[in-house]
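This report covers pocket lining and charged side-chain pairs in one model.

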Amino acid sequence: MIAFYAKTINNIDDKEQFQNLYNKYNKNMLAVANYILKSNALAEEAVQQSWLNIINNFDKVSKIPQDSVGGYIITTVKNVSYNIYKKEHFCEPLEESFLENKAVTYNEDTSQFEYLVEIIRALPLKYRQILELKFVMEWKNEDIAKYLNMNVSTVSTRIQRGRNLLINILKEEGIINKKD
């Protein structure tokens with residue numbers, strides 16, 4: 001694989017520098033990607049995409065000091081891995097009209113988590129999307145903000161307001177005490 005990547009670089013010195021970076025960091029990149037993605041195939045895809053990104057920006061990468069280039073490379077594979085993870089594991093929120101006429105009830109056949117997810121999906125869209133990403137998909141506020149093209153502070157505010165709506169609904173349903 002290294003020969004393929006190296007062919008895309010024209011400068012002999014850059015080619016040699018790239019080969020050194022590849023030999024030094026490829027195994028670490030695979031380990032990081034595999035840790036995030038939990039799949040060898042997806043991890044290999046993330047590493048390949050990372051190397052392509054590095055090659056496309058090699059004029060900038062080659063100027064990074066040797067003591068910092070490892071951090072740059074690992075950060076690149078982390079970002080690519082998280083993007084792949086999001087694509088593989090993200091499910092689109094339900095259409096707002098889907099749950100309009102559906103009653104959400106808690107019974108012994110419904111787990112608490114499933115019930116909470118049903119309540120989240122019954123919330124208005126501006127809270128539902130953010131709460132699904134935060135509590136169901138376990139995304140960080142920064143990732144949610146980036147994905148939805150919002151400020152992090154807006155995401156935080158909507159999480160708090162949506163959480164308050166959830167608490168009120170759970171109190172009305174008698175799931176949690178009204179004193180809490």
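H5 and H8 each contribute at least two residues to the lining of the largest pocket, and H5 gives the most, with five residues. The model is predicted, with local features needing pLDDT of at least 70 and side-chain atom pairs pLDDT 80 or more, while totals for chains, interfaces and linings use all residues. Residues are numbered from 1 along each chain as its sequence is written, and side-chain values use heavy atoms, without hydrogens and water. Helices are DSSP runs (H or I, at least four residues), numbered from the N terminus.

The largest pocket holds about 470 Å³ of space. A pocket is an open set of points on a 1 Å grid over the protein atoms alone where a 1.4 Å probe fits, with protein on both sides within 12 Å along at least five of seven lines; lining residues have an atom within 4 Å of a point. The volume is the space filled by probe spheres set on the points. Of the 14 lining residues, Tyr82, Asn83, Lys86, Lys140 and Asp143 are the closest to the pocket centre.

The whole structure has two salt bridges (a side-chain nitrogen of Lys or Arg within 4 Å of a carboxyl oxygen of Asp or Glu).

| Salt bridge | N to O distance |
|---|---|
| Lys86 and Asp143 | 3.6 Å |
| Arg121 and Glu132 | 2.9 Å |

Lys86 lies in H5 (residues 66-89) and Asp143 in H8 (residues 141-148), so this pair ties together parts 57 residues apart in sequence. Lys86 is buried at 17% relative accessible area (buried is under 20%, exposed over 50%, partly exposed in between, with a 1.4 Å probe and protein chains only). Asp143 is partly exposed at 26%. Glu132 is buried at 6%, and Arg121 is partly exposed at 24%.
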